[in-house]
Amino acid sequence: MKIGIIGGGMMGLASAYRLSQKGHKVTVFESNKQLGGLTTYHDYGLFVWDRFYHVILPSDTYLINFLQEIGLGDKLRWRRTLTGCYIDSQLYSISNTVEFFLFPPLSLIGKIRLAFTLLYGSRIKNWRRLEQISVEDWLLKISGKNAYEKLWQPLLLAKLGESYKRVSAVFIWSYIKRLFSARDSSSHKEQLGYVEGGYKTVFDRLENLICSAGGEICTYTPVEYIAPHPQGGIWVEYKGKKEHFDKVIFTGPVNILQSITANHLVKVAGDRTQEVEYLGVICMALITRKALVPYYIVNIADQRVPFTGLLGMSNLVSLEETDGMHLTYLPKYLMSDDPLLQQTDEELKKLFFRGLRLIFPELNADDIVACHINRAFKMQPLQVLNYSSLVPKIVTEHDDFFVLNNSQFVNDTLNNNTVVKHVDEFMKKLFLGVRE
């Protein structure tokens with residue numbers, strides 16, 4: 001079959017690889033100049049690395065198996081990492097049980113209830129009932145006021161802004177589940193991983209494998225319109241051309257889908273009075289001569305700091321990957337229509353540096369080599385109350401048109417293991433002829 005795939009991110013490329021290996025002729029359309037989508041890479045001058053922070057957990061079996069399948073198993077690198085928290089104008093290490101129980105901001109009861117929340121949350125199987133409870137109500141009930149006000153609420157505000165009040169408990173439960181699945185893994189316990197060369201290594205390999213199998217990858221090629229062909233299959237219009245495919249798979253955001261498809265081609269399941277809302281992200285990548293902290297991740301529970309957390313990537317990734325320099329990510333999540341996303345790089349740098357100097361007043365300008373502002377307007381959907389009943393799945397009206405995107409992640413966090421899992425499950429349905 002001749003199959004068109006809209007979107008050259010991890011989901012589109014993994015789908016293209018799976019299909020090309022089954023003998024189908026695939027064409028991937030990517031609107032940007034380079035592949036990767038939210039997982040793409042960036043030229044930082046001294047080195048090339050991921051645009052946003054990514055990490056592989058030992059429990060990410062779908063992703064690990066996929067990397068081994070495409071011949072990158074020997075490129076996986078593992079390293080033990082530490083975790084910190086910035087709260088009450090202090091940096092604390094919470095990398096083990098002893099440090100957790102010595103954590104000053106929480107009372108003894110608060111620590112016990114927080115530990116119970118993590119253990120209890122990791123064992124919940126019926127996530128659907130959590131959709132009907134706000135994350136605030138659930139955490140207050142399970143963790144108590146001390147842990148909620150000192151830790152959970154500042155973290156929710158940092159991650160979601162005031163929108164956290166509309167988010168269901170599934171949001172935090174999915175993070176707890178992923179955290180504990182990593183800790184329960186028997187191999188590489190308490191370690192994190194990455195691919196040597198970053199995700200550019202992965203995309204270069206996938207592009208080579210897809211093209212070697214007779215596929216085609218078209219970058220800087222936005223699709224303008226998708227419509228059914230009268231004799232079956234799908235028309236795809238791009239750059240003034242119209243091409244026919246036996247099947248088409250769309251992997252982009254819901255709003256783009258609705259803007260480029262014929263009205264009678266797709267419908268969105270659920271309550272159409274409420275659109276899918278997306279979170280965007282601004283991520284400053286700071287390159288320094290010295291490490292800012294010894295931690296891979298610092299959770300920031302301080303509303304004065306404009307970024308969500310601090311990711312010391314060079315405490316995970318070998319310095320050989322970054323030309324001996326230290327790479328730190330400072331992300332800020334916000335709604336996709338937030339005016340802050342439209343500010344200039346220089347304005348955002350000033351804002352982020354004010355927050356940096358709150359945490360590191362001794363930070364020396366001579367230690368800073370460079371900083372880069374990266375941003376994405378459609379990072380992930382906002383999991384509001386009863387999200388799965390609103391728009392969890394996009395059901396097409398045509399047997400040859402499929403939609404595969406992160407709006408369908410109703411009980412998982414957004415990460416590449418979930419992406420590969422989603423693709424693998426979709427492929428089984430596609431070739432078994434199962435449609436929802």
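How many bridges join strand E13 (residues 247-250) to E21? The model is predicted, and local features were taken only at pLDDT of at least 70, side-chain atom pairs only at pLDDT 80 or more, while totals for chains, interfaces and linings use all residues. Residues are numbered from 1 along each chain as its sequence is written, and side-chain values use heavy atoms, with hydrogens and water left out.

E13 and E21 run parallel and are joined by 3 bridges; two strands are taken as paired if DSSP finds at least two bridges between them. Strands (E, at least two residues) and helices (H or I, at least four residues) are DSSP runs numbered from the N terminus. Within this pairing, Val-248 stands opposite Phe-401 of E21. Strand E1 (residues 2-6) is also parallel to E13, with 4 bridges between them, and Val-248 is the bridge partner of Gly-4. These pairings belong to an open sheet of 5 strands with parallel pairing, in the order E9-E2-E1-E13-E21. Strand E9 (216-218) and strand E21 (401-403) form the edges, each pairing on one side only. On average, neighbouring strands of the sheet are turned by 15° against each other, direction ignored; the axes are lines fitted to C-alpha atoms, and angles between N-to-C directions run from 0 to 180 degrees.

Buried denotes under 20% relative accessible area, exposed over 50%, and partly exposed the range in between, with a 1.4 Å probe and protein chains only.

Tyr-238 is located in strand E11 (residues 234-238). With a relative accessible area of 11%, Tyr-238 is buried. Leaving aside residues up to four places away in sequence, Tyr-238 touches Phe-29, Thr-221, Pro-222, Val-223, Glu-224 and Glu-243, contact being heavy atoms within 4.5 Å. Ile-210 is 28 residues from Tyr-238 along the chain, and their C-alpha atoms are separated by 21 Å.

A search of the whole structure gave 4 cavities of 30 Å³ or more. A cavity is a set of points on a 1 Å grid over the protein atoms alone where a 1.4 Å probe fits but cannot get out, and lining residues have an atom within 4 Å of a point. Grid points are joined across faces, edges and corners, and a volume is the space filled by probe spheres set on the points.

The largest cavity holds about 120 Å³. Its lining comprises 13 residues, of which Gln-380, Gln-383, Phe-409, Asp-412 and Leu-414 lie nearest the centre. Helix H6 (170-183) and strand E19 (368-381) are the elements giving two or more residues to this lining, and H6 has the largest share, 3 residues. By class, the lining has 6 nonpolar, 6 polar and 1 charged residues, where Ala, Val, Leu, Ile, Met, Phe, Trp, Tyr, Cys and Pro count as nonpolar, Asp, Glu, Lys and Arg as charged, and the others, Gly among them, as polar.

The second largest cavity has a volume of about 80 Å³. Residues lining this cavity include Trp-49, His-54, Tyr-194 and Met-313. Strand E4 (48-50) and strand E8 (191-195) each supply at least two lining residues, and E8 gives the most, with 3 residues. This lining divides into 7 nonpolar, 3 polar and 1 charged residues.

Key. 1 Å grid on protein atoms, 1.4 Å probe; cavity = no way out; pocket = protein on both sides within 12 Å on 5 of 7 lines; lining within 4 Å.
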